[in-house]
Amino acid sequence: MLIEFRVENHRSLKTEQVLTMEAGRVDDDATIPRTVPGYSKPLLPVAALYGANASGKSNVLSALEFMHQAVVDSHSKWKPDEGIPRDPFAWGPSRSSSSMYESDFIRDGIRYRYGFVVSDECVEEEWLHAWPKGKQQTWFEREGQKFTFGDHLKGERRLIQDVTRPNALFLSVAHQHAHEQLNAVANWFYQVNWIDHDSILHEKLVLGMLSWSPRGGELLLELRELLAKADVGITDLKMGAAPSQAGKIILKGGHLMTPDMTTILVRHMGAKEDEWLPLESESKGTQTLFGMGRSLLFKLQYGGILLVDELEASLHPKLAIEIIKQFNNPKTNPKNAQLIFTTHDTNLLGNDAGEPVLRRDQVWLTEKDKEGATVLYPLTDFKPRKPENLERGYLQGRYGAVPYLGNFSLLGEGAT
């Protein structure tokens, strides 16, 4: 689980900003925070980021996604002569200053702190510390191409160092060379996934997922159940196939065998047994739900972090509430998966008609300062009381991070 994420000089995040998943001292619901081996303080499975349009809340997710991509891709996909594909603050001295990324997390009962500093040209610093049995160990530190290794890091350290390019992370190279001890750290970043609404369906990816997964048949049934619960009028789901396999789902050894399947088909309420439509003909909301569904089910089943920009996009508010409840509930989220998302949906904060689905310490806010840089801060900074109407307070600007609604008339005040 993620404990804390720090970033500096990434897009609108000019100065160091911190997102922590540690539970605060609130009494909203004592059953939500998770106490995990290797860390004494309870951690939260959900964090929601609110703020005006262009306030930078999406850039917080983007920064963590960049860190994920750097670990996964820097050795295998970043070209040696093209530097670092970072995106620093757009103007002023920060444009040429370095960018910093650091994650503090728990994996398999061990706490790790991994981070790096990069410029446009190269990795300037990189470090990894671990706390086996609660005692801090330095596994490696890097300054440019100079590496220092702690006694607790075993394996082919020097060999990996020798093939680490200036614009590649040592951790990325170690993972590509199957370094057993560092694989546990790198694999944590592989479990950080970003949902992109512009290309969320990826039908071929869904088909592949259902085909290779040992739980392909079960996942298909779970996706079917998710769409049915969403009340979008869909009662059944299957994979499209050549005429010889039409309507059949072949299970062999627990795996879904789909050699001829080409598309995803849905059947609506009231349709005949042989009346199916391609998923691509459905509304954007239904396609979004299906595309999110595969990621949601995978995270709840296997753990990891799911980053979602605008959780409520094309979804009914009740569905967003249900998704959050799935992550907050230890029964439906036994692997302690975490959901970090941006939103404008104030219904999640609760109102006079209903209880909030989010704890007060799960709410984060973003706003721009006078230089146009994003400031990230927790709602708990304002110490809102439990009975306080958070939705009303947010909309009234009590906590900041709300849009300025000026005069939108193109013709001026006197126009009629």
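**Before selecting anything**

The model is predicted, so local features are reported only at pLDDT of at least 70 and side-chain atom pairs only at pLDDT 80 or more, whereas totals for chains, interfaces and linings use all residues. Residues are numbered from 1 along each chain as its sequence is written, and side-chain values use heavy atoms, with hydrogens and water left out.

**The whole protein**

Begin with a cartoon view, in which nine helices and 18 strands may be located; helices (H or I, at least four residues) and strands (E, at least two) are DSSP runs numbered from the N terminus. Of the 416 residues, 52% are buried, where buried means under 20% relative accessible area, exposed over 50%, and partly exposed in between (1.4 Å probe, protein chains only). The accessible surface is about 20300 Å², and carbon and sulfur atoms contribute 51% of that area; the areas come from the Shrake-Rupley method with a 1.4 Å probe, and for residues only the protein chains shown count as cover. Among contacts (heavy atoms within 4.5 Å) with a separation of 6 or more, 63% join residues 24 or more positions apart.

**The seven-stranded sheet**

Next, select the strands in the order E2-E1-E4-E5-E6-E7-E8, which form an open sheet with antiparallel pairing. Strands count as paired if DSSP finds at least two bridges between them. From one strand to the next, the twist averages 5°.

Within this sheet, focus on strand E5 (residues 110-118) and strand E6 (residues 123-131), an antiparallel pair with eight bridges. Display Val117 and its bridge partner in E6, Glu125.

Axes are lines fitted to C-alpha atoms, for helices over the stretch in contact, with angles from 0 to 180 degrees between N-to-C directions.

**The hairpin of E17 and E18**

Move to strand E17 (residues 363-368), which pairs with E18 in the antiparallel sense over five bridges. Leu365 has Tyr377 of E18 as its bridge partner. Five residues lie between the strands of this hairpin, where Gly372 has a positive phi near 80°. Four of the five residues of strand E18 (residues 374-378) are buried.

**Two residues with positive phi**

Most residues other than glycine have a negative phi. Select Arg11, a non-glycine residue with a positive phi of about 50°, in the loop between strand E1 (2-8) and strand E2 (17-20). Arg11 is partly exposed, at 36% relative accessibility. Then select Asn336, whose phi is near 60°, in the loop between helix H8 (317-328) and strand E16 (338-342). Asn336 is partly exposed at 22% relative accessibility.

**Thr342**

Finish in strand E16 with Thr342, which is buried at a relative accessible area of 0%. The Thr342 side chain makes a polar contact with the side chain of Asp309 at 2.6 Å; a polar contact is a pair of N or O atoms within 3.5 Å, where within protein one must be able to donate a hydrogen and the other to accept it, and residues adjacent in sequence count only if both atoms are side-chain atoms. Beyond its neighbours within four places in sequence, Thr342 is in contact with residues including Leu49, Lys57, Ser58, Leu61 and Val308.
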